[in-house]
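Me: I would like to learn how to read strand pairing and aromatic ring pairs in a protein model. Could you walk me through an example?

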Amino acid sequence: MAKLIISGGNKLEGRVKVAGSKNSALALIPACLLADSPITLSNVPVIRDVGVMLDIAEKLGAKVKGKGTNTVIIDPSGLKSYKLDPELSQRVRASVIFAASLLTRFGKAEITPPGGDQIGERLLDTHFSMMKEFGVDINKENGQYLLSWKDRKSTDVFLEEASVTATEMGLILASGLSSLGKITIEDAASEPHVGDLARLLSKMGAKIEGIGTNRLMVEGKKSLGGVEHQIIPDYIDGGTFIIAAVITGGQVTIENCSPDQYKPIMGYLNSMGVDLEQKNGEILEVKPSKLLAVKRKFQTRPWPGFPTDLMSPFIVLATQTEGTVLCHDWMYEWRIFFVDDLVSMGANIFIADPHRVVVTGPTKLHGEKLYSKDIRAGMSVVLAALCAQGESEIDNIEMVERGYEKIVERLTSLGADVKKLSSKTED
């Protein structure tokens with residue numbers, strides 16, 4: 001495992017560009033397999049999870065150019081397999097989205113239960129319920145899920161919950177089914193990355209109404225074409241750098257921001273005393289702030305609520321804010337257990353239950369030996385180390401690199417004292 005050595009206390013200063021959206025890229029790659037010619041994706045984040053998804057596409061027979069760069073070309077014309085590689089599938093949760101593309105292309109799919117972060121029970125019930133409404137038959141044999149069409153039917157789908165992944169899979173299925181007419185997906189997730197997928201599918205030839213709402217109407221097309229598509233910026237990445245700047249007392253200009261994505265985030269941050277200024281549409285100025293918790297309870301919600309992927313960094317912000325804050329993430333019951341690391345650094349945090357913590361600040365954090373438990377928790381202990389006194393050592397930094405592009409380079413460009421020590425076996 002690789003590790004980071006961070007000497008805390010440096011104010012972050014300068015300019016940083018937000019990376020392309022991780023969550024968009026992980027859905028767009030499977031969607032590209034529906035095309036009858038190559039698709040070019042730009043603003044692709046260079047992260048480990050994207051690399052794994054591209055490896056899966058290649059194993060299925062697609063040709064991929066540009067891996068490890070911000071521009072990737074996917075040619076699905078040689079697609080030859082409906083079976084996902086078990087080892088690769090277990091490395092990333094989003095691998096399940098390929099099932100929708102393979103059902104559309106082959107009429108069947110064989111998938112391994114997906115892996116990814118261990119942050120709670122992330123069941124496939126909503127996904128399977130949605131697919132059954134489309135007429136998909138689902139069986140489990142020897143640890144594998146075998147999916148096939150039993151009776152393709154036009155239907156109005158009402159999701160059991162506003163699941164992002166289930167919505168994305170429904171969009172892909174409906175876009176590739178030309179004979180069923182208009183399909184309505186209700187209680188759909190409306191996150192920006194869901195809209196990004198819908199716009200790609202629309203460019204490819206599907207007719208999609210209601211983008212950005214909880215009611216999507218999709219009319220599929222038998223042949224979907226190759227196109228060029230630029231992935232949206234990652235508001236989770238941008239929000240993380242906002243918090244990094246604030247907790248170190250720095251002043252940072254954050255570029256490549258889409259204003260609409262930051263409305264839920266800015267409201268919460270403003271209530272913590274964070275001073276932000278929007279400039280020229282795509283730039284956020286983060287200024288030194290006196291952090292004071294005006295609002296005392298924060299809860300994640302489906303979009304346009306506060307995003308669950310920013311709760312862990314937000315807890316770090318709360319440790320540096322004057323006042324007591326209740327942080328509630330109802331979605332994942334293990335996500336907040338990383339706060340044990342913050343407590344070991346000197347934070348005043350009470351774990352009320354698996355979903356809620358009470359944070360009282362500000363507290364001076366000190367350097368510690370830490371471990372990256374998942375993508376967001378790993379990045380959060382990096383944030384804590386940046387504002388701590390002394391040196392911190394963070395193991396298993398590969399977890400952070402699954403979701404954050406060139407994190408060492410971008411932090412050091414802002415003045416952080418961060419060094420990466422690579423293991424001999426690192427790929």
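**Strands and rings**

Reply: Happy to! This is a predicted model. Let's begin with two strands: β21 and β22 (residues 391–395) run parallel as partners, joined over three bridges. Within that pairing, L370 sits opposite I394 of β22.

Me: How do strands of a sheet pair in general?

Reply: They pair through backbone hydrogen bonds, in either a parallel or an antiparallel way. Here, four strands form an open sheet in the order β21-β22-β1-β23, and the pairing is mixed.

Me: Which are the edge strands?

Reply: They are β21 (369–371) and β23 (417–421), each of which pairs on one side only. On average, neighbouring strands in this sheet are turned by 20 degrees against each other, ignoring direction.

Me: Now the rings, please. What describes a pair of aromatic rings?

Reply: Two things do: the distance of the centres and the angle of the planes. The count here is seven aromatic pairs. Take Y268 and F298: the planes of their rings stand at 50 degrees, with centres 5.2 Å apart, so this pair is tilted. Y268 belongs to helix α9 (residues 263–270) and F298 to strand β17 (residues 297–299), 30 residues apart.

Me: Are Y268 and F298 buried or exposed?

Reply: Y268 and F298 are both buried. Y268 also pairs with F306: their ring centres are 4.6 Å apart and the planes are at 35 degrees, so that pair is tilted too. F306 lies in the loop between β17 and α10 (311–319), so its pairing with Y268 in helix α9 ties together parts 38 residues apart in sequence.

Me: Which residues do ring pairs link into a cluster?

Reply: The cluster links Y268, F298, F306 and F314.

Terms used. Residues numbered from 1 in each chain as written. Predicted model: local features only at pLDDT ≥ 70, side-chain atom pairs only at ≥ 80, totals over all residues. Heavy atoms only, no water. Phe/Tyr/Trp six-rings, centres within 6.5 Å; stacked < 30°, edge-to-face > 60°. Buried < 20%, exposed > 50% of the residue type's maximum accessible area, 1.4 Å probe, protein only. Pairing = 2+ DSSP bridges. Axes fitted to C-alpha atoms, helices over the stretch in contact; angles between N-to-C directions.
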